[in-house]
Structure formats: C-alpha cells, structure tokens
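Colleague: I would like to go through one model feature by feature. Please give the general idea each time, then the case at hand.

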Amino acid sequence: MEQRFKRMTETPIKPLVITLAIPTIISMLVTSIYNMADTFFVAQIGTSATAGVGVAFPVMAIIQAIGFTFGHGGGNYISRLLGQRNRERAETVMSNAFFTAFAVGLFCMAAGLLFLEPLVYLLGSTETIAPYAMDYLRYILLGFPFMTCSFVLNNILRYQGSAFFAMIGITIGGVLNIVLDPIFIFTFGLGTAGAAIATILSQFISFCVLVWQCFRGGNLRIRISRFRFEGNIFVTILKGGLPSFYRQGLNSVATTLLNTAAAG
C-alpha cells in the first residue's frame, strides 16, 4: 500500500489518470455484457423469452444502484482516509460498506422471492411474458447479495488505486457469462432460467475473485472485526453514494415505465 501511495503521489497526473482510467472503462464496458449476452442468447428461444429478460432489467439496475451507493460512497470516504494515512479507519469503512450492502442484498432477495409474481407484473410483464420473467428473475434474485457486493468491491478497489485488480475480477465474470449462457440455455435446455443461472454463477465467481484481490498487493482487507455501528460512517457513505443511487434508480424507473407502456 505504501508503494502504491508513493507511486500515485509522485507520478505525473496525465499518465496516472490514463493508468487508472483504462481499467475502469473496461470494467464498465464488461458490466454491460451480462444483459447483452443474456438477451442475445435468449432471443434465439423466442420473443416472449426475450421480453421476460427485458422485464428483469430494472432489477439489475437496482442491484447496480445499491452496489454503486456503497461502492462510490465508501470508496470516496476511503480514498480520503488513505490520503490521511489512516489505513485502520479505511478498513473499517470498507467493512461497513461491504457487510451493509450484503445485508441489504439479502433483504431485497428475500422480499423479491416472496413477492416474485406481483413483482414481475409491477415491472411491466404481461400474462404471456410472466412465466419467462419469473424463471429468469428467480435466479437473479438469489444472486442479489453477491452481485451487489461485486459492484461495491469493484469500486472500492478502484478508489484505492487498484483499478487493474478491479478490472480482472469483473472481466472474468463477463467472459464466463458469455461461455456459460449457451451451455445452460441450449445444452442443458433450461431456457431463460439457464441464462439467469449462467449470470449468477459468473457473478459469484467474479465476487470471489474480487474478494481475493482485496488480500493482494497491499489492498485494504475485508474484516468482520472492523464492522462498526457508527452513524457517522453510514451518513458519510450515503452522502457520497446517493447520487449514484438516484442515477441508477432513475434508469430502473425509466425501464419499468417503458415495459409498462409496451405491455399496454
């Protein structure tokens, strides 16, 4: 960590920005691959199946919104603490952001599974599309906590200067999703459910890689012992992360309205 901090403070701004920006751009591009890959392969099943995946897009946006809230909010706070050479406090903030996001993900998963059928209709599904949407969304919801925390870790790694490590974790998941989609959809004959299973497996592996990256190269480590119920930490995280939540949340609302209009 000390070597990276020295490099970031002594490297000229232009090459430093390029070094951090390129992995970040790649990570953001790979993030969009999940939905694109699922849509591409599911489209070969039929239009209703494709629409079922489209109905689930607002939920994917909410997953990103929650992940970005704690990832950007926590990461912003962490970068300032690292600038103050307060590594212990930075690990406390990281652990709070990670475990809180995981808890929120568990709650959303339970609520979504409990009200799965009314949820797909709320998102703009029709009676024809609903079975496909529920098959897909059921498995996506099971992966909610891990997918949320993947976005948290991806952002926090970038905020501490480990953009390359963050890119590796996200890219592995995106490539795996492309490989696993046709296997689960066509080889195993699971249809839209297969696309969702491929996605959550890829995301889970990506999550595991990102956790592993936190224990490499002097990065901050996730420690349950660092978790603290401190209001100041949560308020600061939310202040930095809520703008990202609003942006992604509006994307979810817009997609839902579009689905509803198309269904009508």
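This is a predicted model: local features need pLDDT of at least 70, side-chain atom pairs count only at pLDDT 80 or more; totals for chains, interfaces and linings use all residues.

Colleague: How many residues does the largest nonpolar core have, and which have the most contacts inside it?

Modeller: In soluble globular proteins, nonpolar side chains tend to be buried together. A nonpolar core is a set of buried Ala, Val, Leu, Ile, Met, Phe, Trp, Tyr and Cys residues joined through side-chain atoms within 4.5 Å. Buried means under 20% relative accessible area, exposed means over 50%, and partly exposed lies in between, with a 1.4 Å probe and protein chains only. Here the largest core has 57 residues, and I63, I78, M94, L137, I140 and L153 have the most contacts inside it. Helix 5 gives the most to this core, with ten residues.

Colleague: How are helices defined and numbered?

Modeller: Helices are DSSP runs of H or I with at least four residues, strands are runs of E with at least two, and numbering starts from the N terminus. Helix 5 covers 57-83.

Colleague: What is L153 in contact with?

Modeller: Contact means heavy atoms within 4.5 Å. With neighbours within four places in sequence left aside, L153 is in contact with M94, F98, F207, L210, V211, C214 and I222.

Colleague: Is T148 buried or exposed?

Modeller: T148 counts as buried because its relative accessible area is 0%. Its place is in helix 9, residues 144-159. Not counting residues up to four places away in sequence, T148 touches I63, I66, G67 and A101.

Colleague: Where is E91, and why does it count as buried?

Modeller: E91 is in helix 6, residues 87-114. It counts as buried because its relative accessibility is 3%.

Colleague: Which side chain is joined to that of E91 by a polar contact?

Modeller: A polar contact is a pair of N or O atoms within 3.5 Å; within protein, one must be able to donate a hydrogen and the other to accept it, and residues adjacent in sequence count only if both atoms are side-chain atoms. The side chain of E91 has such a contact, of 3.4 Å, with that of R226. Leaving aside neighbours within four places in sequence, E91 is in contact with L220, R221, R223 and R226.

Colleague: What is T100 in contact with?

Modeller: T100 also lies in helix 6. Apart from neighbours within four places in sequence, T100 is in contact with F70, F227 and F234. T100 counts as buried because its relative accessible area is 16%.

Colleague: Where does Q213 lie, and how far apart are the C-alpha atoms of Q213 and L153?

Modeller: Q213 lies in helix 11, residues 191-213. The C-alpha atoms of Q213 and L153 are separated by 9.2 Å, with the two residues 60 apart along the chain. Q213 counts as buried because its relative accessibility is 2%. Beyond neighbours within four places in sequence, Q213 is in contact with L157, F165, I168 and N219.

Colleague: Is G161 buried or exposed?

Modeller: G161 counts as buried because its relative accessibility is 8%. It is in the loop between helix 9 and helix 10, the latter being 163-187. G161 and T19 are 142 residues apart in sequence, and their C-alpha atoms are 9.5 Å apart.

Colleague: What is the phi of R85, and where does R85 lie?

Modeller: Phi of R85 is near 60°, a positive value in a residue other than glycine. R85 lies in the loop between helix 5 and helix 6. R85 counts as exposed because its relative accessibility is 52%.

Colleague: Why does A111 count as partly exposed?

Modeller: A111 counts as partly exposed because its relative accessibility is 29%. It is found in helix 6.

Colleague: How many cavities of 30 Å³ or more are there, and which residues line the largest?

Modeller: On a 1 Å grid over the protein atoms alone, a cavity is a set of points where a 1.4 Å probe fits but cannot get out, and lining residues have an atom within 4 Å of a point. Grid points are joined across faces, edges and corners, and a volume is the space filled by probe spheres set on the points. By this rule there is one cavity of 30 Å³ or more. The largest cavity has a volume of about 40 Å³, and T31, Y34, N35, M60, Q64, F151 and Q203 line it. Helix 3 (33-42) and helix 5 each supply at least two residues of that lining.

Terms used
Residues are numbered from 1 along each chain as its sequence is written. Side-chain values use heavy atoms; hydrogens and water are left out. On a 1 Å grid over the protein atoms alone, a cavity is a set of points where a 1.4 Å probe fits but cannot get out, and a pocket is an open set with protein on both sides within 12 Å along at least five of seven lines; lining residues have an atom within 4 Å of a point.
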